[in-house]
Amino acid sequence: DFIKQQSTKTSKPDTDIRSTNYKQEILNKLLDLIPEEKRTNNVKTLLLNYLKQYASEYILSQIQYTNDHKPKEWLAYLKQAIKEDYASYHDNLEKEKQEKEERKKEFERRLKQLEEERETAIEIAIDNEKTRIYNEYLNSLEDEEKKELLKKYLEKAKELYPEVDEKSFEMEFKVERLITEDIIAENKLFQRRLEKAKIKAEERAQILFEAEKKKLIRQFERS
């Protein structure tokens, strides 16, 4: 997950600072930010000592802050900035941490929404297949058979759902569902047909889910 891959800043010393090449690379990076006339051996030694105590990003932010404020006593100001965190590095870290947590929660919320949409798409596809089975079955009956079937299941539905108005659309739907479940339960062909429809719906929904998930990840990586 892209959120887990994001690096976390800290004010602690860099873990690889013992590596000579890495140390020199970081030192050069910091020196590049320092006004040329201030790049003395004393400053280099000072920075190397600071790198043993603080993260390079912390020192970098204090150098940038010092440069922005153009103090007369540049070195003294930098020392105080590093000691007192003039650049509000720690406050910014906390703010960044909170923003990251909010982004993570929003990502997880959107991902959950996609998962729910996937499940809903599967349910709709299955329900549509059940409706087709119901209609095909009813159309295969003679008018009298159809009337008797609907009458029988209306009575059953009224017993199961006494609070529902028998002339309402809701009752009509419940009758349809009761008939559908029974005819599928009694017919192996309908069962296999419904299972195939379910598998196909799951495969299609999963493809769409993966595509939308990739879009979501790209969106959060860019922001």
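Colleague: Where is the place of Lys70?
Modeller: In this predicted model, Lys70 sits in the loop that links helix H4 (56-69) to helix H5 (74-84).

Colleague: What is its phi, given that Lys70 is not a glycine?
Modeller: Lys70 has a positive phi of about 45°.

Colleague: Is Lys70 buried or exposed?
Modeller: Lys70 counts as exposed, because its relative accessibility is 69% and the cut-off for exposed is over 50%.

Colleague: Which loop holds Asp85?
Modeller: Asp85 belongs to the loop between H5 and helix H6 (89-139). Asp85 is also a residue other than glycine with a positive phi, near 60°.

Colleague: And is Asp85 buried or exposed?
Modeller: Asp85 counts as buried, since its relative accessibility is 12% and buried means under 20%.

Colleague: Turning to charge, which residues form the negative surface patch?
Modeller: The patch consists of Glu142, Asp143, Glu144, Glu145 and Glu148. Of these, Glu148 lies in helix H7 (residues 143-160) and counts as exposed at 52% relative accessibility.

Colleague: How many helices and strands does the protein have?
Modeller: There are 9 helices and 0 strands. The radius of gyration is 34 Å, well over the 17 Å that the globule rule gives for 223 residues, so the protein is more spread out than a compact globule.

Colleague: What box do the C-alpha atoms fill?
Modeller: Along the principal axes, the C-alpha atoms fill a box of roughly 105 × 35 × 20 Å.

Colleague: What percentage of the residues count as buried?
Modeller: Of the 223 residues, 31% count as buried.

Methods
Residues are numbered from 1 along each chain as its sequence is written. This is a predicted model: local features need pLDDT of at least 70, side-chain atom pairs count only at pLDDT 80 or more; totals for chains, interfaces and linings use all residues. Side-chain values use heavy atoms; hydrogens and water are left out. Patches are made of residues with over 30% relative accessible area and no salt bridge: like charges are joined within 9 Å, nonpolar side chains (Val, Leu, Ile, Met, Phe, Trp, Tyr) within 5 Å. Accessible areas come from the Shrake-Rupley method with a 1.4 Å probe; for residues, only the protein chains shown count as cover. A salt bridge is a side-chain nitrogen of Lys or Arg within 4 Å of a carboxyl oxygen of Asp or Glu. Lys and Arg count as positive and Asp and Glu as negative; His and the chain ends are not counted. The place of a charge is taken as NZ of Lys, CZ of Arg, CG of Asp or CD of Glu. Helices (H or I, at least four residues) and strands (E, at least two) are DSSP runs, numbered from the N terminus. Buried means under 20% relative accessible area, exposed over 50%, partly exposed in between (1.4 Å probe, protein chains only). The radius of gyration is taken over C-alpha atoms; the globule rule is 2.2 Å times the number of residues to the power 0.38.
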